[in-house]
Amino acid sequence: MGKSYNNVKGFNLAVDQFHNAMRWEAYDTALMFVSPPLVDDFWRLADMLQGKIRIMEYEVRQPLCDPGNGSGSVTVKIKLYHQDGPRLVTRTVREKWVYLGKEDMWQIVQHDLKELMN
């Protein structure tokens, strides 16, 4: 992980790296893609998810990237199970991202990842 580019390929790579880190409970790595105003909420969410859910796979759907204004949005279908009742369930989350040119990085600025706990 390092520099990201303000283009479709860079956006898709950032989204994939974030969700791969979430899948493997590497929340400190995922945090690199979280905008500073969301950091505290992200850590609260990570504490709720840690050891309680297991993400089996994710599928990025409908990635929309607008390099002109440095924004993007994505819908992600996530297959997971809650460890207290191992039944595979599917959740869909939506996210908004922005590109920070100074840091050469895509960051998530809005999400509904709390849906994973339902």
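Buried means under 20% relative accessible area, exposed over 50%, and partly exposed in between, with a 1.4 Å probe and protein chains only. Keep that scale at hand for the tour.

The model is predicted, so local features need pLDDT of at least 70 and side-chain atom pairs count only at pLDDT 80 or more, while totals for chains, interfaces and linings use all residues. Residues are numbered from 1 along each chain as its sequence is written, and side-chain values use heavy atoms, leaving out hydrogens and water.

**Stop one: the core.** Select F18, M22, I78, W97 and L116. Among the 31 residues of the largest nonpolar core, these touch the most other members. Such a core is a set of buried Ala, Val, Leu, Ile, Met, Phe, Trp, Tyr and Cys residues joined through side-chain atoms within 4.5 Å. Now colour by element: those giving two or more residues to this core include α1 (8–23), β2 (71–82) and β3 (85–100). Helix α1 supplies the largest share, 6 residues. Helices (H or I, at least four residues) and strands (E, at least two) are DSSP runs, numbered from the N terminus.

**Stop two: the rings.** Show F11, F18, Y27, F33, F42, W43, W97, Y99 and W106, which form one aromatic cluster. The model has 8 aromatic pairs, where rings of Phe, Tyr and Trp (its six-membered ring) pair if their centres lie within 6.5 Å.

Go to E25, in the loop between α1 and α2. This non-glycine residue has a positive phi, near 55 degrees, and is partly exposed at 23% relative accessible area. Finish at Q62 in strand β1, another residue other than glycine with positive phi, near 50 degrees. Is Q62 buried or exposed? At 56% relative accessibility, Q62 counts as exposed.

Notes
Rings of Phe, Tyr and Trp (its six-membered ring) pair if their centres lie within 6.5 Å; planes under 30 degrees apart count as stacked, over 60 as edge-to-face and the rest as tilted.
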